[in-house]
Amino acid sequence: MDDATGLAEALLGLDGFRVLEVSETPDEVCITVETTADLDGCPRCGVRALAKERRRVDIRDVPCFGRPARLIWMKRLWRCWDPDCEQTTWTEGSPHVPARAVLTVRAGAEATRQVGELALPVAVVAKELGVCS
């Protein structure tokens, strides 16, 4: 961790992700990330997959420096090269971000804790996470 990128990854605290860029708006901190995996196998046939492209996926994370945080995950699309395989393509996944989720697992757990244990109103927690206007 001898550069700012390594420091940003340590602050992010999500294993398997690397930080590409950190920017900010008056309302939030935006952290562009990608996974560190560069190898995957087809989930159907096991053939080594080839990375096809990346798609942007926006996910809310726990607040950063007292402001809502948006992860911009450049999610990889993989392709199976076996012509007999029915799988063709799929997108990568992460245990930190369930499929089609709008919150990271840790942001969901923190929201649940704040509402359940601390009895904070849902609207207050949603505003803290940046999921409401």
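Modeller: Tryptophan 73 touches Phe17, Val33, Glu34, Thr35, Arg55, Arg56, Val57, Ile59, Glu92, Gly93, Ser94 and Val97, leaving aside residues up to four places away in sequence; contact here means heavy atoms within 4.5 Å. The model is a predicted one, in which local features need pLDDT of at least 70 and side-chain atom pairs count only at pLDDT 80 or more, while totals for chains, interfaces and linings use all residues. Residues are numbered from 1 along each chain as its sequence is written, and side-chain values use heavy atoms, with hydrogens and water left out.

Trp73 belongs to the largest nonpolar core, which has 14 residues; Leu12, Phe17, Ile31, Val33, Leu71 and Trp73 are the ones that touch the most other members. Such a core is a set of buried Ala, Val, Leu, Ile, Met, Phe, Trp, Tyr and Cys residues joined through side-chain atoms within 4.5 Å. Buried means under 20% relative accessible area, exposed over 50%, and partly exposed in between (1.4 Å probe, protein chains only). Two or more residues of this core come from each of strand E1 (17-24), strand E2 (29-35), E3 and E4. Strands (E, at least two residues) and helices (H or I, at least four) are DSSP runs, numbered from the N terminus. Apart from this core lies another, of 6 residues, including Ala49, Trp78, Cys80 and Cys85.

One of the contacts of Trp73 is Val57, a residue of strand E3. Valine 57 counts as partly exposed because its relative accessibility is 25%. Besides Trp73, Val57 touches Leu71, Ile72 and Lys75, again not counting residues up to four places away in sequence.

A salt bridge is a side-chain nitrogen of Lys or Arg within 4 Å of a carboxyl oxygen of Asp or Glu. Glutamate 34 pairs with arginine 18, with 2.7 Å between the closest N and O atoms. This pair joins strand E1, which holds arginine 18, to strand E2, which holds glutamate 34, across 16 residues of chain. Glutamate 34 is buried, at 13%, whereas arginine 18 is partly exposed, at 30%.

Glutamate 92 pairs with arginine 54, the closest N and O atoms being 4.0 Å apart. Glutamate 92 sits in the loop between strand E5 (89-91) and H2, and arginine 54 in strand E3, 38 residues apart. Here too glutamate 92 is buried, at 7%, and arginine 54 is partly exposed, at 28%. Through shared partners, salt bridges join Arg18, Glu34, Arg54, Arg76 and Glu92 into one network.
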